[in-house]
Amino acid sequence: MNIYVLLLCVSLLLDNLAIHKVFCGEVLELQEVEVDNYGDATIDGSSRNDVYEEDNYEDESSLETSILDKSQSDTSSVLVTFANRFNYPITLYWQGDSTSNEKFKIGDIEPNSEINVDTFIGHNFYATKLGSDEKVQTSKKITKSTSEYSFEPLEKMVTKNPFVTILNVRTTAMSAKFRCFVPSKVHIWYDNGQDGSFQGFLTLGKEYTINTYEGHVFYFTEGDDKTKEYARFVMNKDQVTYLVMDPERPPPNSYLVQQAKEDAFMAEYLNRTGIRWRHYFGPDGPRPPPSLHMWPANNIGEVHKVVSHEGKWICNGTSEECQSKDPVPINLEVVSLQPRVFIIPNFLSDFEVEEIKRLAEPGMVLSQVGDVAAGAFESGTRTSRNAWLQRETNQVTDTLFRRAADLLQVDEALLHRNRNAEDMQVVHYTHGQKYDSHHDWGVSGYPESRFITLLFYLTQMPSPNAGGETSFPKGANGRGFKVQPGKGSAVLFYNLLEDGNGDDLALHAALPVNEGEKWLANFWVWDPKRK
């Protein structure tokens, strides 16, 4: 039996301080849906759709609680699809403010079925097991860029690829942006409970992005003079930017005007997309969307196929003697949608792997963290050694840059250090060494950004417990996953979203090595160009 549900949207018209309710509706056909007649406000206080049984939709008394402030939401309605990928029925709810228990039942969704809902950007929905209050997944916030939302088992959110493992651990890692409005050099310190750990410095108008954890504390001093402290902040996952100011020396008014513009944009962006803007915002607004190619990731397990004519090397010698003439098939398997992560098997030959390590070994130094402009430094969060290899090092390295261009679908001419690519960074980890959670993108006062990270795995780890995997702690719906595709394979992920924002979910880490050693090569491409 089909039940027709009228979805009513509520608008506000203010006329001489009188509030009038205006209703518009669209009839959608749902399968076996039982609908309750009640409703409340959204998390952002915006207008929403109310759902009523068809024979009750004219009862205005049931609509009294739907008077809502639409000023903080995109008022354009959107038609979205909710899918149930579980093997049991679920109940879909519209969700009120996160600090309350407000909810509104939309209807039941049978296993492997879908329903359409006419709603608004910024509205929130969640689902429970039928007849239960147990949520089956985190809430879905409606965004402008997505029209399909799936409730699905965790194992369907990350591929069953044997090189991928769910961590089932939630992280409190976060990024923070420090901006200096003090007209002198300010030092950044992490409060380690002792003398403080130096993190770099800032000058007037400059900003610095750091990876940290909720609850960590940072303070800012006049140079090394810790008796003159300008600010002290406790890290909060719901705050992106932290302003360092001196009340006795306010910044030029132009800085404050620009900050107000950024604050307004960030509030609008949050309401429109459901996530926070974390990347650059300048006099002309936010950094633009990436200009380089970005592989789509619509479904777990889908494979993109390309062919490179940059043949694999099998020995040291001339191209005629040592480079295969066979084209190289490249398969990119989607293993995560958010963040967008791909595994590329057999990208390198055994000889190419060993050649990278041979070339890098003489130049190995202890790895550093931080922005060079703000003072890069050695840290216990990154304990490996690394070296840099230029594309022009030899024929093999040049071939790898060209083959990477085919994989990434970008012009190989861009993959030079004076265009879009960095030199290849080769990293060596021994027992216990690691690199804690971090982003490859950062904000330092300009729109240029690392866009692509391509990791070449140069070691076959000796056992499943050997460690050394690359983890994405915010992936898999917040439960995290790790990947180690094996010697000669690669992992690709994007550091930016399609609109140019930094992808917070692209947070990743090099897990500690438990057995043997680990070699890895980082290949970074910037957009729109390298800074």
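Glu310 lies in the loop that runs between strand E21 (303–308) and helix H3 (319–322). The model described here is predicted.

**Glu310**
- Beyond its neighbours within four places in sequence, Glu310 is in contact with Gln323, Val328, Thr399, Arg402, Arg403 and Asp406.
- Between Glu310 and Pro327, 17 residues apart in sequence, the C-alpha to C-alpha separation is 6.8 Å.

**Helices H4 and H5**
- Helix H4 (residues 350–360) and helix H5 (residues 395–408) have axes that come within 10 Å and cross at roughly 120°, so H4 is oblique to H5.
- The H4 and H5 crossing is left-handed.
- H4 contributes Phe351, Glu352, Glu355, Ile356 and Leu359 to the contact, while H5 contributes Val396, Thr397, Leu400 and Arg403.
- Classified by residue type, this contact of H4 with H5 comprises five nonpolar, one polar and three charged residues.
- Arg403, one of the H5 residues in that contact, is also among the residues in contact with Glu310.

**Cysteines**
- One disulfide is found in a search of the whole structure; the disulfide links Cys315 with Cys322, at an S to S distance of 1.9 Å.
- The link of Cys315 and Cys322 is left-handed, with -100° about the S-S bond.
- Cys315 is partly exposed, at a relative accessible area of 26%, whereas Cys322 is buried at 3% relative accessibility.
- Cys180 is buried, with a relative accessible area of 1%.

Notes. Residues numbered from 1 in each chain as written. Predicted model: local features only at pLDDT ≥ 70, side-chain atom pairs only at ≥ 80, totals over all residues. Heavy atoms only, no water. Axes fitted to C-alpha atoms, helices over the stretch in contact; angles between N-to-C directions. Helix = DSSP H or I, 4+ residues; strand = E, 2+ residues; numbered from the N terminus. Parallel < 35°, antiparallel > 145°, perpendicular 65-115°, else oblique. Left-handed = near helix turned anticlockwise from the far one by under 90°. Contact = heavy atoms within 4.5 Å. Nonpolar A, V, L, I, M, F, W, Y, C, P; charged D, E, K, R; others polar. Disulfide = S-S within 2.5 Å. Buried < 20%, exposed > 50% of the residue type's maximum accessible area, 1.4 Å probe, protein only.
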